[in-house]
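I opened this entry to keep track of what I looked up and where I looked.

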Amino acid sequence: MLKRALLELGLLGVGRRVQHRARVTGGTARIDGDGDGDGDGDDDGDGDRSSLVDALPRGLSRIDLEGRALARVLARSDRVSFLADLLAHLDAEGTIAIATATTIAEGVSPWGRLLLDGPRSLFSRFGLPEPGTRFTPASAHHVYYASTEIADEAWEAGLAERDHRAGIMMLVRRAPSDPRPPRPRLDHDLRILTALARAERLRRRAPREALTLARSAGRHEEVREHAARRRLHARIGWLDGFVPPRPNCFRRVLAETLLDGGAAREVVVLSLDVGSTGHAHFPSDPQGAPKAYDVAFDV
């Protein structure tokens, strides 16, 4: 227990460096963060990352960035600088595509955020790790709890989110007309929490009955455009863990159905592994299904 506490306080070094690796093909580049290294300390790989970006050619049309390569950069200011440096290597119409499938922890338990990140936010001046930093004996990484957190860092780096589908977030050079991603609002969060509580009661019913009731209510709600729907989805995922008894994917689907007229008219995919577990999601879910399942039903 003491060793774990010291690890999360950043007082024990992690076991290996993080290296970022790039492959350039024509006008595109791919950057991976594979975690391999020489094992001689707790460096976050910043020097390696800087030299890698400097070595990229200018005028790239696309950079594919593995999400864990971004998450291995522990300080928010360094992640923003990393994205800004990548932007400097794009042509005017270039795109950065971030694979977010394994990077965003939607609908997870809130205890880590409360017990670890709360004190880190309050006492940051004492040198504690930044909120969202998580340690293992082998490495350290930053956890994103919603896709909007990446979009906000990208905006600071001079980028704007244009799309997010199947676990790929598309970023382009920010135009003067691109507004900053809106910050969470208490009144919106209270409405989402109310919908999650109602969805928790609904999910105790048969899935088809629960969806029928949620759709009946949701059809009267606003039909959000794609970006606003993504933000709603992200915020539901961020708040879901605070609703007892535990995070639940079907509850998140029901809450989104209750709150958005487009979701209320969309098919829901119920996926199952025989004799094991399952998952509920919309075909339009920005993250897509977390894995391949044995069977899937459209409801």
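I began with a salt bridge: the side chains of aspartate 240 and arginine 252 meet at 2.9 Å, N to O. Aspartate 240 sits in helix α9 and arginine 252 in helix α10, 12 residues apart, and the pair links distant parts of the chain. Both aspartate 240 and arginine 252 are buried. I noted that the model is a predicted one.

For the whole structure I noted 31 salt bridges.

**Helix α10**

How many of the 11 residues of helix α10 are buried? I counted 11 of the 11 in residues 249–259, so the helix is largely enclosed by the rest of the structure. The buried residues include Cys249, Phe250, Arg251 and Glu256.

Next I looked up what covers them. The cover includes the helices α7 (186–202), α8 (207–218), α9 (226–240) and α11 (261–264). It also includes the strands β9 (269–272) and β10 (278–281).

At the start of α10 I found a side-chain oxygen of asparagine 248 within 3.0 Å of the backbone nitrogen of phenylalanine 250.

In the loop between α9 and α10 I stopped at proline 245. The peptide bond from proline 244 to proline 245 is cis, with omega near 5°. I flagged it because most peptide bonds are trans.

**Arginine 224 and aspartate 260**

I checked a further salt bridge, between arginine 224 and aspartate 260, with the closest N and O atoms 3.2 Å apart. Arginine 224 lies in the loop between α8 and α9 and aspartate 260 in the loop between α10 and α11, so the pair ties together parts that are 36 residues apart in sequence. Is aspartate 260 buried or exposed? I read a relative accessible area of 0% for aspartate 260, which is buried.

I moved to arginine 62, in strand β3 (residues 60–66). Arginine 62 is partly exposed, at a relative accessible area of 31%. I found a polar contact of 2.8 Å between the side chains of arginine 62 and aspartate 64.

Leaving aside neighbours within four places in sequence, I listed the contacts of arginine 62 as Gly27, Thr28, Ala29, Leu90, Thr95, Ala97 and Met170. I also looked up the distance from arginine 62 to valine 172: they are 110 residues apart in sequence and 9.6 Å apart in space, C-alpha to C-alpha.

Arginine 68 and glutamate 66 form a salt bridge through their side chains, at 3.0 Å from N to O. Arginine 68 is partly exposed, with a relative accessible area of 35%. Glutamate 66 has 16% relative accessibility and counts as buried; the cut-off for buried is under 20%.

**Alanine 166**

I looked at the loop between β7 (159–165) and β8 (168–173), where alanine 166 is placed. Alanine 166 has a positive phi of about 50° although it is not a glycine. I marked it because most residues other than glycine have a negative phi. At 64% relative accessibility, alanine 166 counts as exposed.

**Aromatic residues and a surface patch**

How many aromatic pairs does the count give? I got 2. I looked up the pair of phenylalanine 123 and phenylalanine 126, which is tilted, at 6.1 Å centre to centre and 45° between the planes. Phenylalanine 123 is partly exposed, with a relative accessible area of 39%, whereas phenylalanine 126 is exposed, at 57%.

I then asked which residues make the nonpolar surface patch of about 450 Å². I found Trp111, Leu114, Leu115 and Phe242 there. Tryptophan 111 belongs to helix α5 (residues 111–122) and is exposed, with a relative accessible area of 54%.

**Chain totals**

I ended with the chain as a whole. I noted 11 helices and 11 strands. Buried residues make up 47% of the 299 residues. Among contacts with a separation of 6 or more, 69% are between residues 24 or more positions apart. The chain exposes about 14,800 Å², and carbon and sulfur atoms supply 55% of that area.

Definitions and conventions. Residues are numbered from 1 along each chain as its sequence is written. This is a predicted model: local features need pLDDT of at least 70, side-chain atom pairs count only at pLDDT 80 or more; totals for chains, interfaces and linings use all residues. Side-chain values use heavy atoms; hydrogens and water are left out. Buried means under 20% relative accessible area, exposed over 50%, partly exposed in between (1.4 Å probe, protein chains only). Helices (H or I, at least four residues) and strands (E, at least two) are DSSP runs, numbered from the N terminus. Contact means heavy atoms within 4.5 Å. A polar contact is a pair of N or O atoms within 3.5 Å; within protein, one must be able to donate a hydrogen and the other to accept it, and residues adjacent in sequence count only if both atoms are side-chain atoms. Patches are made of residues with over 30% relative accessible area and no salt bridge: like charges are joined within 9 Å, nonpolar side chains (Val, Leu, Ile, Met, Phe, Trp, Tyr) within 5 Å. Accessible areas come from the Shrake-Rupley method with a 1.4 Å probe; for residues, only the protein chains shown count as cover. A salt bridge is a side-chain nitrogen of Lys or Arg within 4 Å of a carboxyl oxygen of Asp or Glu. Rings of Phe, Tyr and Trp (its six-membered ring) pair if their centres lie within 6.5 Å; planes under 30 degrees apart count as stacked, over 60 as edge-to-face and the rest as tilted.
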